[in-house]
Amino acid sequence: MEALAYLPTLALFSFVTVASARMRHEMLILACIPPVFVALIMGFVMAIYAGDTFGVLPTGAALALGAMPGWWLGRRFNARDLLIAIYLAWAVALVFALVAFEFPDRT
């Protein structure tokens, strides 16, 4: 059950990071700083925990699964629509992260 909260969160954080890297607009890339900052910090910590708890293969698959749509939508969407998708994915990832952090720690 815990993996159903951690792995989609990692996929969404991966999407946010890759899609922000594909942003083509000079001013809108500044709006990507807060989601990318949170995604990198929280995603790093969550990836370490998920790799230790669920294994490196599912964690890597979740990260790759999120990177592919970020790369594809970066080519397909215009800058405004891509920014909306980034913020939507960031908001959903934060909700999933809130649920994931509610699980008790393993000892």
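This is a predicted model: local features need pLDDT of at least 70, side-chain atom pairs count only at pLDDT 80 or more; totals for chains, interfaces and linings use all residues.
Reader: Where should I start? Which residues have the most contacts inside the largest nonpolar core?

Author: Those are Leu10, Phe15, Val16, Met23, Met46 and Ile86, in a core of 27 residues.

Reader: Ok, Met46. What is Met46 in contact with, leaving aside its neighbours within four places in sequence?

Author: With Tyr6, Thr9, Leu10, Phe13, Ala97, Ala100 and Phe101. Met46 also belongs to the H3 side of the contact between H3 and H5.

Reader: Let's do that pair, then. At what angle do the axes of H3 and H5 cross?

Author: Roughly 35°, and the axes come within 11 Å. Here H3 is residues 33-53 and H5 is residues 79-100. H3 passes H5 in a left-handed crossing.

Reader: Which residues make the contact?

Author: From H3, they are Pro34, Pro35, Val38, Met42 and Met46. From H5, they are Ile86, Tyr87, Trp90, Leu94, Ala97 and Ala100.

Reader: How many of the residues in the contact of H3 with H5 are nonpolar, polar and charged?

Author: There are 11 nonpolar, no polar and no charged residues.

Reader: On to H1 and H4. How far apart are their axes?

Author: The axes of H1 and H4 are 7 Å apart, and the two helices pack at an angle of about 35°.

Reader: Is the crossing of H1 and H4 left-handed or right-handed?

Author: Right-handed. On the H1 side the contact is made by Leu7, Leu10, Ala11, Ser14, Phe15, Val18 and Ala19. The H4 side includes Pro58, Thr59, Ala62, Leu63, Gly66 and Ala67. By class, this contact has 13 nonpolar, four polar and no charged residues.

Reader: Ser14 is on that list. Is Ser14 buried or exposed?

Author: Ser14 is buried, because its relative accessible area is 11% and buried means under 20%. Ser14 lies in helix H1.

Reader: What does the side chain of Ser14 reach?

Author: It reaches the backbone nitrogen of Ala67, at 3.3 Å. Apart from neighbours within four places in sequence, Ser14 is in contact with Leu63, Gly66 and Ala67.

Reader: And Leu63, what does that touch, not counting residues up to four places away in sequence?

Author: Leu10 and Ser14. Leu63 is in helix H4 and counts as partly exposed, at 33% relative accessibility.

Reader: What about H1 and H3, how far apart are their axes?

Author: They are 9 Å apart, with the helices packed at an angle of about 145°. H1 passes H3 in a left-handed crossing.

Reader: Who makes that contact on the H1 side?

Author: Tyr6, Leu7, Thr9, Leu10, Phe13, Val16, Thr17 and Ser20. On the H3 side, Pro35, Val36, Ala39 and Leu40 are among them. The residues of the contact of H1 with H3 divide into 14 nonpolar, four polar and no charged.

Reader: Ser20, another serine. Why does Ser20 count as buried?

Author: Because its relative accessible area is 5%, and the cut-off for buried is under 20%. Ser20 is in helix H1, residues 3-21.

Reader: Where does the side chain of Ser20 reach?

Author: To the backbone oxygen of Val16, at 2.8 Å. Leaving aside neighbours within four places in sequence, Ser20 is in contact with Ile29, Cys32, Val36 and Ile86.

Reader: Last one, Phe96. Which helix is Phe96 in?

Author: Helix H5. Phe96 is partly exposed, with a relative accessible area of 31%. Not counting residues up to four places away in sequence, Phe96 touches Ala5, Pro8, Thr9 and Leu12.

Reader: What separates the C-alpha atoms of Phe96 and Arg22?

Author: A distance of 24 Å, and the two residues are 74 residues apart along the chain.

Key. Residues are numbered from 1 along each chain as its sequence is written. Side-chain values use heavy atoms; hydrogens and water are left out. Helices (H or I, at least four residues) and strands (E, at least two) are DSSP runs, numbered from the N terminus. Buried means under 20% relative accessible area, exposed over 50%, partly exposed in between (1.4 Å probe, protein chains only). A polar contact is a pair of N or O atoms within 3.5 Å; within protein, one must be able to donate a hydrogen and the other to accept it, and residues adjacent in sequence count only if both atoms are side-chain atoms. Contact means heavy atoms within 4.5 Å. Axes are lines fitted to C-alpha atoms, for helices over the stretch in contact, and angles run from 0 to 180 degrees between N-to-C directions. A crossing is left-handed if the near helix is turned anticlockwise from the far one by less than a right angle, and right-handed if clockwise. Ala, Val, Leu, Ile, Met, Phe, Trp, Tyr, Cys and Pro count as nonpolar, Asp, Glu, Lys and Arg as charged, and the others, Gly among them, as polar. A nonpolar core is a set of buried Ala, Val, Leu, Ile, Met, Phe, Trp, Tyr and Cys residues joined through side-chain atoms within 4.5 Å.
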